[in-house]
Amino acid sequence: MDSARRWGGVVALALGIFILITIEELPIGVLSVMAPDLGVSAGVAGLAVTVPGVLAGIVAVLTPVIVRGLDRRLVLVIALASVVLSSLLSAVAPTFAVLLIARLFAGVSIGLYWAVLAIVAIGQVSREHTSRALTVAFGGAGAALVLGVPVAAWIGTHVGWRTAFVVVGVAAAVVAVLILVLVKPVRSPVKVTPSMMLAAARTRGVRYAVALTSLVVVAQFITYAYVSPILLERAGVPVTQVGLMLLVFGIAGLIGNFAVAALLSRSAPWGVLVVSAGMGVALLAVLVLMRSPASALAIMPLWGLFVGAISVAIQAFVNTQATEVIEEGTALNSAVFNTAIAGGALVGGLIIDSAGQTALIVTSTVMIAAGVLVAVNYLRTTPRAHVGA
């Protein structure tokens with residue numbers, strides 16, 4: 001019974017990250033209906049992803065220092081309460097400016113949750129099951145791509161984008177209760193200080209993880225933040241089928257999240273390399289081949305397969321290549337991950353408004369290629385025994 005409850009707690013953590021990914025990327029799914037309703041362009045509406053991402057990055061870095069001896073489970077509950085507030089404010093926002101204020105609370109929630117998720121997940125199970133616990137917990141991110149964002153997009157296009165925010169807020173409240181009931185309290189045995197965070201930032205494994213995240217995740221969201229207009233205008237997908245395309249993308253992402261576990265258990269650096277290269281190939285296909293609804297239906301799952309694996313792959317990289325600073329490294333990587341989402345949406349907005357969709361996708365593809373080179377360099381300069389950890 002105790003074992004079942006612990007794994008139930010891990011599943012509750014996965015539901016939490018499901019909510020966080022959904023609220024973070026919700027504007028992407030409803031961009032085509034939200035932007036005209038609030039009287040702004042697609043590029044400007046992308047700030048609804050950028051603003052919380054930047055704040056999430058700041059919060060993630062500060063979280064280990066601020067929470068100190070606080071039960072990390074309560075940090076997760078506070079994060080979900082912030083999602084509830086953000087969702088309700090977004091649902092009633094009369095202007096885009098008010099929506100951005102509401103999205104600040106989303107940024108706080110994302111930063112808090114991402115910074116401690118891995119530590120809490122590991123704390124629920126014995127050491128030999130940590131890889132599986134991380135895969136299940138981060139599986140919520142893939143599930144959000146499968147169900148959260150596509151369902152929100154469907155609600156947004158059929159019922160209204162404000163209703164989509166309400167649904168996410170209610171779900172966040174339910175998951176917060178589940179975490180309180182099912183998740184075992186987790187406290188860090190060491191009180192993290194600013195100097196410890198700085199020392200972790202200088203660790204080789206953390207430095208490479210941050211570099212990979214900066215390149216690969218920024219590249220992904222330069223294009224993915226504007227996937228709705230790309231599907232509509234480049235591939236000729238009807239607006240009512242955008243949610244279906246995102247669902248196909250998400251199903252593949254969930255498969256990728258779990259499929260990569262076998263590779264990560266053998267070598268996290270190789271896992272990151274394979275996932276990054278796959279993302280690059282998929283973006284190249286978006287650039288060259290996506291010209292019709294049929295081609296979009298073929299390319300979206302290929303793209304999603306690799307994107308769904310990137311968050312768990314980079315977290316596994318931190319866990320195995322920076323073992324002495326896992327909590328600090330996780331917080332730093334979470335900060336960069338969320339800032340990268342924000343940066344990608346911001347840069348993508350500037351590019352799509354000034355140079356168009358082709359320039360957008362080319363930029364992403366080039367950055368992914370740079371990330372692949374960084375991963376190759378890490379493998380080339382790291383002793384074989386450590387790479388296989």
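Biologist: Is tyrosine 226 buried or exposed, and what is its relative accessible area?
Modeller: This is a predicted model, in which local features need pLDDT of at least 70 and side-chain atom pairs count only at pLDDT 80 or more, while totals for chains, interfaces and linings use all residues. Residues are numbered from 1 along each chain as its sequence is written, and side-chain values use heavy atoms, with hydrogens and water left out. Buried means under 20% relative accessible area, exposed over 50% and partly exposed in between (1.4 Å probe, protein chains only). Tyrosine 226 falls in the buried class, with a relative accessible area of 0%.

Biologist: Which residues does tyrosine 226 touch?
Modeller: Tyrosine 226 sits in the loop between H10 and helix H11 (227-234); helices (H or I, at least four residues) are DSSP runs, numbered from the N terminus. Contact means heavy atoms within 4.5 Å. Leaving out residues up to four places away in sequence, the contacts of tyrosine 226 are Leu31, Ala42, Gly43, Gly46, Ala345, Gly348, Gly349, Ile352 and Leu360.

Biologist: What separates the C-alpha atoms of tyrosine 226 and serine 86?
Modeller: Along the chain, tyrosine 226 and serine 86 are 140 residues apart. Between their C-alpha atoms the separation is 22 Å.

Biologist: How many aromatic pairs does the structure hold, and what kind of pair do tyrosine 224 and tryptophan 303 make?
Modeller: Rings of Phe, Tyr and Trp (its six-membered ring) pair if their centres lie within 6.5 Å; planes under 30 degrees apart count as stacked, over 60 as edge-to-face and the rest as tilted. The structure holds eight such pairs. For tyrosine 224 and tryptophan 303 the ring centres are 5.8 Å apart and the planes stand at 90°, so the pair is edge-to-face.

Biologist: How many residues apart in sequence are the parts that tyrosine 224 and tryptophan 303 tie together?
Modeller: Tyrosine 224 is buried at 1%, and tryptophan 303 is buried at 2%. Tyrosine 224 belongs to helix H10 (residues 204-224) and tryptophan 303 to helix H15 (residues 293-321), so the parts tied together are apart in sequence by 79 residues.

Biologist: Which helix holds phenylalanine 249, the partner of tryptophan 303 in an aromatic pair?
Modeller: Phenylalanine 249 and tryptophan 303 are edge-to-face, at 5.4 Å centre to centre with 90° between the planes. Tryptophan 303 is in helix H15 and the two residues are 54 residues apart in sequence, so the pair ties H15 to the helix of phenylalanine 249, namely H12 (residues 242-259).

Biologist: Which residues do ring pairs link into a cluster?
Modeller: Phenylalanine 249 is buried, at 0% relative accessibility. Ring pairs link it into a cluster whose members are Phe221, Tyr224, Phe249 and Trp303.

Biologist: How far from glutamate 328 is arginine 72?
Modeller: Glutamate 328 is in helix H16 (residues 326-354), and it touches Val192, Met196, Met197 and Ala200, not counting residues up to four places away in sequence. A salt bridge is a side-chain nitrogen of Lys or Arg within 4 Å of a carboxyl oxygen of Asp or Glu; Lys and Arg count as positive and Asp and Glu as negative, with His and the chain ends not counted. Glutamate 328 is buried yet has no salt bridge, and arginine 72, the nearest side chain of opposite charge, is at a distance of 8.6 Å.

Biologist: Which residue meets arginine 162 in a salt bridge?
Modeller: Two salt bridges are found in the whole structure. Arginine 162 is partly exposed at 25%, and its partner at 3.8 Å, N to O, is aspartate 37.

Biologist: What is the N to O distance in the salt bridge of aspartate 71 and arginine 73?
Modeller: Both aspartate 71 and arginine 73 are buried. Their side chains meet in a salt bridge with an N to O distance of 3.1 Å.

Biologist: Where does serine 87 lie?
Modeller: Serine 87 is buried, with 0% relative accessible area. Beyond residues up to four places away in sequence, serine 87 touches Ile23, Phe165, Val168 and Gly169. Serine 87 itself lies in helix H5 (residues 72-92).

Biologist: Is serine 354 buried or exposed, and what is its relative accessible area?
Modeller: Serine 354 is placed in helix H16. It counts as exposed, with a relative accessible area of 63%.
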